[in-house]
Protein chains: 2
Amino acid sequence: MELVEARQKFIETWGKLGSEWGINRTMAQVHALLLISHEALTTEEVMEALSISRGNANMTLRDLISWGLVEKQHKPGERKEYFFAEKDAWTIAKQVAQERKKRELDPLLKVLNELSEVKGNEKDPAYKTFKTSVKGINKLSANVNKTLETMIKAEENWFWGSILKIFK
Amino acid sequence: MELVEARQKFIETWGKLGSEWGINRTMAQVHALLLISHEALTTEEVMEALSISRGNANMTLRDLISWGLVEKQHKPGERKEYFFAEKDAWTIAKQVAQERKKRELDPLLKVLNELSEVKGNEKDPAYKTFKTSVKGINKLSANVNKTLETMIKAEENWFWGSILKIFK
DNA sequence: ATAAATTTTCAATAATTTTTGAAAGTTTGA
DNA sequence: TCAAACTTTCAAAAATTATTGAAAATTTAT
């Protein structure tokens, strides 16, 4: 396979994967493009490479920055902004995990904690099932949350550190 | 908070979470409804509870079955089908992980393996960056894959078994 | 202060995804 | 064999989500 074709396929595959996981396809594609670019690209170049509009490119790049996956660069003497992606797979994964935790897991836990406290008649099977199910999900979510926190905070932690080496 | 209100909120929250993770909102809501129902429900009851059409309810329930999260039940002497959800949070999580692995991770790995083998000029920075990035993602994905396989196959495995107890 | 270069915004439009509902299909019991 | 009970299908419609593009805002150099 030729590099040009392979690049195309990577962008397409990454975009598809993103959309299966609730990430806008274009955003995943822009990320893919930057991942396989050895130097930082301008908005113009991103627009060109993926045939997307200026508005779309701009918003998408800002989103990627807010996810901590891309950063702006400035070249001396140049006015325009360049965009560059973190390339290390482990760092990307950590960043995505951290962001999703903040955006989704933390709010979920807040709701589950509330719902775990609903009062009712212990004899009522509807009440019992609700409570048991919600508590079960709450507990698992809380454990995932705690683990992510530990992992993110202290990769040096002797225990998690050695587990995580499996993935690197 | 009243049980009726709490149930409503749980269904809404689970639906939102699903859609953030690329799962159709209605499907997540039907799942939520069954999760907090102490007995199996008919298509009719699901339609009623969530105000959705027969076609939608039918397709969604079939999908949930294909994800291994819901099963059909038959009551003696009754003609219609009843649907019941697995309630244990850990079993649900395992099931979802296994399904997503099969549907998404395995196909991804196939592509990444292909792309890792693209030939080109080692002096070309575009080629070098492509190769390095793709290989990095490939390696991480392969490790995640292997770990999931191990986890799914042998929960009894002394090593993973003890790690997984953290989550249960 | 001016204007060229660049980035951002956002209402309108387009594309995609989901849902509906009625018709077709299937199963079961009499 | 018939028909009632129930399930499945799928083309059309609705809802949602993403994209465009031109105007407004901002930045920078002179």
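Glu99(A) and Lys102(A) lie three residues apart in helix H5 of chain A, so about one helical turn separates them. In this predicted model, their side chains meet in a salt bridge, with 3.4 Å from N to O. Side chains of opposite charge can pair when their charged atoms come close. Over all chains, a search of the whole structure finds 20 salt bridges.

**Between the chains**

Two salt bridges are found across the interface of chain A and chain B. In one of the bridges in this model, Lys9(A) is joined to Glu114(B), and the closest N and O atoms are 3.6 Å apart. The interface of chain A and chain B also holds ten residue pairs in polar contact, both residues being at pLDDT 80 or more.

Which elements of chain A give two or more residues to the side that touches chain B? They are helix H1 (3–20), helix H5 (89–116), helix H6 (125–153) and helix H7 (158–164) of chain A. H6(A) supplies the largest share of that side, 14 residues. By residue class, the side of chain A that touches chain B divides into 30 nonpolar, nine polar and twelve charged residues.

Chain A brings 51 residues to the contact, and chain B brings 51 residues. The area buried between chain A and chain B is about 4600 Å², and carbon and sulfur atoms give 76% of this area.

**How the copies are related**

Two copies of a chain are related by a rotation about an axis and a shift along it. Here chain A is superposed on chain B by a rotation of 180 degrees, with 0.0 Å of shift along the axis and an RMSD of 0.0 Å. The two copies are therefore related as by a two-fold rotation axis. Within chain A, the C-alpha nearest the axis belongs to Gly22(A), at 2.1 Å from it. Both copies use the same surface, since 100% of the contact residues of chain A recur in chain B.

**The sheet in each chain**

Strands of a sheet pair through backbone hydrogen bonds, either parallel or antiparallel. In chain A, three strands form an open sheet in the order E1-E3-E2, and the pairing is antiparallel. Why is one side of strand E1 (41–42) and of strand E2 (70–74) of chain A left without a neighbour in the sheet? Each of these strands stands at an edge and has a single partner strand, so one side of each has no neighbour there.

| Strand pair | Sense | Bridges | A facing pair |
|---|---|---|---|
| E1(A) and E3(A) (residues 81–85) | antiparallel | two | Leu41(A) opposite Phe83(A) |
| E1(B) (residues 41–42) and E3(B) (residues 81–85) | antiparallel | two | Thr42(B) with bridge partner Tyr82(B) |
| E2(B) (residues 70–74) and E3(B) | antiparallel | five | Glu71(B) opposite Phe84(B) |

In chain B, E2(B) and E3(B) form a hairpin with six residues between them. The turn of this hairpin includes Gly77(B), which has a positive phi of about 80 degrees.

Terms used:
Residues are numbered from 1 along each chain as its sequence is written. Chains are lettered from A and ligands numbered from 1 in the order in which they are written. This is a predicted model: local features need pLDDT of at least 70, side-chain atom pairs count only at pLDDT 80 or more; totals for chains, interfaces and linings use all residues. Side-chain values use heavy atoms; hydrogens and water are left out. Copies are superposed by least squares on the C-alpha atoms of residues with pLDDT of at least 70 in both. Contact means heavy atoms within 4.5 Å. Buried area is the accessible area (1.4 Å probe) that two parts lose on being put together, summed over both. A salt bridge is a side-chain nitrogen of Lys or Arg within 4 Å of a carboxyl oxygen of Asp or Glu. A polar contact is a pair of N or O atoms within 3.5 Å; within protein, one must be able to donate a hydrogen and the other to accept it, and residues adjacent in sequence count only if both atoms are side-chain atoms. Helices (H or I, at least four residues) and strands (E, at least two) are DSSP runs, numbered from the N terminus. Ala, Val, Leu, Ile, Met, Phe, Trp, Tyr, Cys and Pro count as nonpolar, Asp, Glu, Lys and Arg as charged, and the others, Gly among them, as polar. Two strands pair if DSSP finds at least two bridges between them.
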